[in-house]
Amino acid sequence: MPLDSYHSYPLIAHHSNTGITQQWQRRYQGQRPCYICVLGFTETALVTGISAAGNSPQARIMTAVADAEFIYEGPSSVPQYPLPPLTAGVSPALLTRAVITGQTLPVYLFNAGLPHTPSVPHIDLGCGAIARCVSSGQALPPDSVRSLFNAGLKWGETLGRRFAHSYLIIGECVVAGTTTAQAVLTALGFNVAGLMGSSHLTCNHDQKAALIKTGLMAKPLDSEQWSIWDAIAAVGDPMQPFVLGMTIAASHHSGVLLAGGSQMIAIYTMLQKLGHQYPWNLNNVVIGTTQWIVKDATSKFLTLAHTVPTPPIMSSQFSFKQSRYQQFNLFEQGYVKEGVGAGGCLIAGHLYQSWQQAQTLNAMEALLESCLQISAPPPTAQ
C-alpha cells in the first residue's frame, strides 16, 4: 500500500474518495462510537453451498442469532444458540466482541426479520419479514420493505441525535447477503458479476449469478424500470431497507461507518440513487472493512467500488500474521474475511482508544483463550 494511502493511523488505509475518508477520520478521532448490528435472514441461505456461514442449511438458519448471542454475552459453556460449525477459521463475532467489550462501546442489536428470536436484548422491528430465496423473484412483500425503511429512518434519527458528536458503526448479519446485494445491484443495471465478495475461500460467482438470473427473469424489467423498492422486494433482504433508512436519517446528526464489504457497497449505491428524494449528508458516511476483503484474490472489491457510484472506503490493516493461533492465521489465507461489522470495529478501535496491532491482537487472543478454557467450541467462521 502506498504511503499516501494512510492518514494519521498506520492501521487504517484509505482507498477511494480519500478526501472524505480522511476528513471523516479526523472528525471522529477519539470519539466513542455506538455499535449496531442489523440481523436478517434470506432463504437464499438454504441453498446448498451458497455460504460458508455454517456447514449446512440448518446451521445457517441459526448463524444470526448465534452471532448476536456471542457478541452480547461472549463465550458460554451452555449457549442457547451455539455458533454454527464451519470448515475453517473463527467467527468475525469474536473480533467484534473483543473491540466492543475492550472499549466499552454501547451495543444495539436489531431483528429485521429472523426465523428465531435472539436470546439477548435486542430491538424487534416488528415489521420485518424473512426474505424468500433470490431465485423466487419475490423476496419480500413491498409493504415490509417500506415499513423497514421507515423504521430505519426513525431509529437513525434517534441514534444519530443520541450520538451526535460521534458515529454509528452499522454492521449486519445476513447469511448469503452478498448474493442479495449482487442481485439488487444487477436489477439496478450494474454489471457486478464476478466482483462480489463471499464467505467462501474461493467465491462461488457462477452459483450466485445463476440464482440471480432466475430471480430477475421472474420479473422481467429493463434496468431503467427498477426502483430501489422494486429491486429489494424482488431479490433483496430485510437488512437493506432498514440500513438505508437508518443511514439517511443518522447522517444529518452523526457520522456513519457502514461496516462491511460488498453488502455495504450495495447500500451506498442505493443511497446515491435515493439522494434526490431522501437527502443525506455525503460527508458523514463512509464504508469501513478489513484488509482481507480488500485483498481477497477471488473477488474484486475495489473494482466493484468503481463500477458503481464510488463510495469513500477505508480499511483496517490489522493482521493475524503474528498470532500463535491457527484459527486466526486462517484469516491471512482468505478464510472468513469480514462479518458483523468486524472491520468497522477494528477501525473504531484504532480511532477511539488508539489500539495498535499488538494491543488488538492481545484482546483477540485473550477472548479465544476464554472460549477454549470453558471448553466451549471456539466460534466458527461467519
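Visitor: Hi! Which way do H6 and H8 cross, left-handed or right-handed?
Guide: In this predicted model, the crossing of H6 and H8 is right-handed.

Visitor: Which residues make the contact there?
Guide: From H6 you have Thr180, Ala183, Val184 and Ala187, and from H8 come Ala231, Ile232 and Val235. Sorted by type, the residues of this contact are six nonpolar, one polar and no charged.

Visitor: And at what angle do the two helices pack?
Guide: The angle between H6 (residues 177-187) and H8 (residues 228-235) is about 140°, and their axes are 9 Å apart. That is why H6 counts as oblique to H8.

Visitor: New topic: how many aromatic pairs are there?
Guide: The count comes to 14 aromatic pairs. Take Trp292 and Phe318: their ring centres are 6.5 Å apart and their planes sit at 85°, so this pair is edge-to-face.

Visitor: Where in the chain are those two?
Guide: They link distant parts of the chain, 26 residues apart. Trp292 is in helix H11 (residues 291-294), while Phe318 is in the loop between strand S9 (313-316) and helix H13 (326-329).

Visitor: Is Trp292 buried or exposed? And what about Phe318, buried or exposed?
Guide: Trp292 has a relative accessible area of 6%, so it is buried. Phe318 is buried too, at 1%.

Visitor: Which residues do the ring pairs link into a cluster?
Guide: That cluster joins Trp292, Phe318, Phe320, Phe328 and Phe331.

Terms used. Residues are numbered from 1 along each chain as its sequence is written. This is a predicted model: local features need pLDDT of at least 70, side-chain atom pairs count only at pLDDT 80 or more; totals for chains, interfaces and linings use all residues. Side-chain values use heavy atoms; hydrogens and water are left out. Axes are lines fitted to C-alpha atoms, for helices over the stretch in contact, and angles run from 0 to 180 degrees between N-to-C directions. Helices (H or I, at least four residues) and strands (E, at least two) are DSSP runs, numbered from the N terminus. Angles under 35 degrees count as roughly parallel, over 145 as roughly antiparallel, 65 to 115 as roughly perpendicular and the rest as oblique. A crossing is left-handed if the near helix is turned anticlockwise from the far one by less than a right angle, and right-handed if clockwise. Contact means heavy atoms within 4.5 Å. Ala, Val, Leu, Ile, Met, Phe, Trp, Tyr, Cys and Pro count as nonpolar, Asp, Glu, Lys and Arg as charged, and the others, Gly among them, as polar. Rings of Phe, Tyr and Trp (its six-membered ring) pair if their centres lie within 6.5 Å; planes under 30 degrees apart count as stacked, over 60 as edge-to-face and the rest as tilted. Buried means under 20% relative accessible area, exposed over 50%, partly exposed in between (1.4 Å probe, protein chains only).
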